[in-house]
Amino acid sequence: MKTLFEKIIAREIPAQIVFEDDLVLAIRDINPQAPVHVLLFPKQVIPRIAEAGPEDHKLLGHLLLKVAEVADKVGLKKSGYRLVINNGADGGETVPHLHCHILGGRHLAWPPG
Ligand code: 5GP
């Protein structure tokens, strides 16, 4: 069964696309937790970071490098932003397809709730 993000990659579910290349897609979160809330994920499904393996190191490196590029594209380079990856139940993961949350546009408290 396809994950929600695979359906978005396949354009079966609409999304506001911010960035796309052959390996990753970035979209606006449907329920933003900050003025800017972008999700960036690999097109290849890794359910969560705990399940990534050595074979994924190139893809994960690409993903992290694209975080900075996408954050710049949505105007967060100067003000800063937070990068979040939720893993498992206590982490608040709801979509089992590894994704980075890029949050910004306001000051974000620390520690998170
Ligand atoms: P997680 O909770 O797994 O870390 O993050 C999943 C994120 O996907 C949530 O922030 C949620 O708001 C977002 N989301 C859920 N359904 C959709 C959707 O249909 N479209 C978009 N753009 N985001 C979604």
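A polar contact is a pair of N or O atoms within 3.5 Å; within protein, one atom must be able to donate a hydrogen and the other to accept it, and residues adjacent in sequence count only if both atoms are side-chain atoms. The model is predicted: local features need pLDDT of at least 70, side-chain atom pairs count only at pLDDT 80 or more, and totals for chains, interfaces and linings use all residues. Residues are numbered from 1 along each chain as its sequence is written, and side-chain values use heavy atoms, with hydrogens and water left out.

View 1. A backbone N or O atom of Gly92 is 3.0 Å from a ligand oxygen atom. A polar backbone atom of Thr94 lies 2.7 Å from an oxygen atom of the ligand. For His99, an N or O atom of the side chain is 2.9 Å from an oxygen atom of the ligand. The protein buries 82% of the 520 Å² that the ligand exposes when taken alone (accessible areas by the Shrake-Rupley method with a 1.4 Å probe).

**View 2. The shell around the ligand.** Asp29, Asn86, Thr94, His99 and His101 come nearest among the 14 residues around the ligand (a residue is near if one of its heavy atoms lies within 4 Å). The shell comprises five nonpolar, six polar and three charged residues (Ala, Val, Leu, Ile, Met, Phe, Trp, Tyr, Cys and Pro count as nonpolar, Asp, Glu, Lys and Arg as charged, and the others, Gly among them, as polar).

**View 3. The salt bridge between Glu20 and Lys43.** The closest N and O atoms of Glu20 and Lys43 are 2.8 Å apart (a salt bridge is a side-chain nitrogen of Lys or Arg within 4 Å of a carboxyl oxygen of Asp or Glu). Glu20 belongs to strand S1 (residues 17-20), and Lys43 to the loop between strand S3 (36-42) and helix H2 (57-73), 23 residues apart (helices, H or I of at least four residues, and strands, E of at least two, are DSSP runs numbered from the N terminus). The whole structure has six salt bridges.

**View 4. The cis peptide bond at Pro111.** The bond from Trp110 to Pro111 is cis, with omega near 0 degrees. Pro111 is in the segment after strand S5 (100-104).
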